[in-house]
Amino acid sequence: MVTMLVTGQSLILNGVKGTASPVTTLLKTCTAFNAQGNCTQSAASRTVGYLVNNPKAQYIQAGPGTIATSGRNTLGLPGINNLDFSVFKNFQLYENLKIQVRADLYNAFNHAQYTPGSVNGVEAVSQTGSPVTSLLGIGLNPSLFNRPDLVFSSHPRIIQLGLRVNF
């Protein structure tokens, strides 16, 4: 399920910055029952509205059918502080035979970078969407809201050694 956010104008002005809240679905009374006494109407067809659990929150989960008014990238993540470094040496053994010895350091200074996906690569949307929803903490775990250090990898240093032969 993709979580959308609603940030109504009154919530932005009166809301506690950096807080989130799920909503409770308000259902109308069921009018059709089966032989066991269970309602046969879907919850979606009986939904009449949503009740915000924390009306002072800045970010509020939009239920199905609700128009989300929040723009993209309204919740910022810490910046990326990354240095990738490569060292290599070429050796010529014969006229047509060369060897290259190299070392590649990704995130050479090992700074913690709590961002979705990979700092040194391009990931598919399916790889980054789920942790972002967890970061919002809406309806899942409110204690994770705006805590990228609890949701994403710190992208630790990677050292790659290589030997290349050209002939």
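Where does Asn107 lie?

1. Asn107 sits in the loop between strand E7 (97-106) and H3. Helices (H or I, at least four residues) and strands (E, at least two) are DSSP runs, numbered from the N terminus. The model is a predicted one: local features need pLDDT of at least 70, side-chain atom pairs count only at pLDDT 80 or more, and totals for chains, interfaces and linings use all residues. Residues are numbered from 1 along each chain as its sequence is written, and side-chain values use heavy atoms, with hydrogens and water left out.

2. Asn107 has a relative accessibility of 1%, so this residue counts as buried. Here buried means under 20% relative accessible area, exposed over 50%, and partly exposed in between (1.4 Å probe, protein chains only). The side chain of Asn107 makes a polar contact, at 3.4 Å, with the side chain of Gln113. A polar contact is a pair of N or O atoms within 3.5 Å; within protein, one must be able to donate a hydrogen and the other to accept it, and residues adjacent in sequence count only if both atoms are side-chain atoms.

3. Phe145 is found in the loop between helix H3 (125-136) and helix H4 (148-151). With a relative accessible area of 9%, Phe145 is buried. Phe145 and Gly18 are 127 residues apart in sequence, and their C-alpha atoms are 7.9 Å apart in space.

4. The structure holds one disulfide, a term for a pair of cysteine sulfur atoms within 2.5 Å. Cys30 and Cys39 form this disulfide, with their sulfur atoms 2.0 Å apart. The torsion about their S-S bond is about 90°, and the disulfide is therefore right-handed. Cys30 is buried at 11% relative accessibility, whereas Cys39 is partly exposed at 31%.

5. On the surface there is a nonpolar patch formed by Phe91, Leu93, Tyr94, Val101, Leu163, Val165 and Phe167, with about 810 Å² of accessible area together. Strand E6 (85-94) and strand E8 (158-166) are the elements that give two or more residues to this patch. E6 gives the most, with three residues. Phe91 is in strand E6 and is partly exposed, its relative accessible area being 41%.

6. A note on the patch terms. Patches are made of residues with over 30% relative accessible area and no salt bridge; like charges are joined within 9 Å, and nonpolar side chains (Val, Leu, Ile, Met, Phe, Trp, Tyr) within 5 Å. A salt bridge is a side-chain nitrogen of Lys or Arg within 4 Å of a carboxyl oxygen of Asp or Glu. Accessible areas come from the Shrake-Rupley method with a 1.4 Å probe; for residues, only the protein chains shown count as cover.
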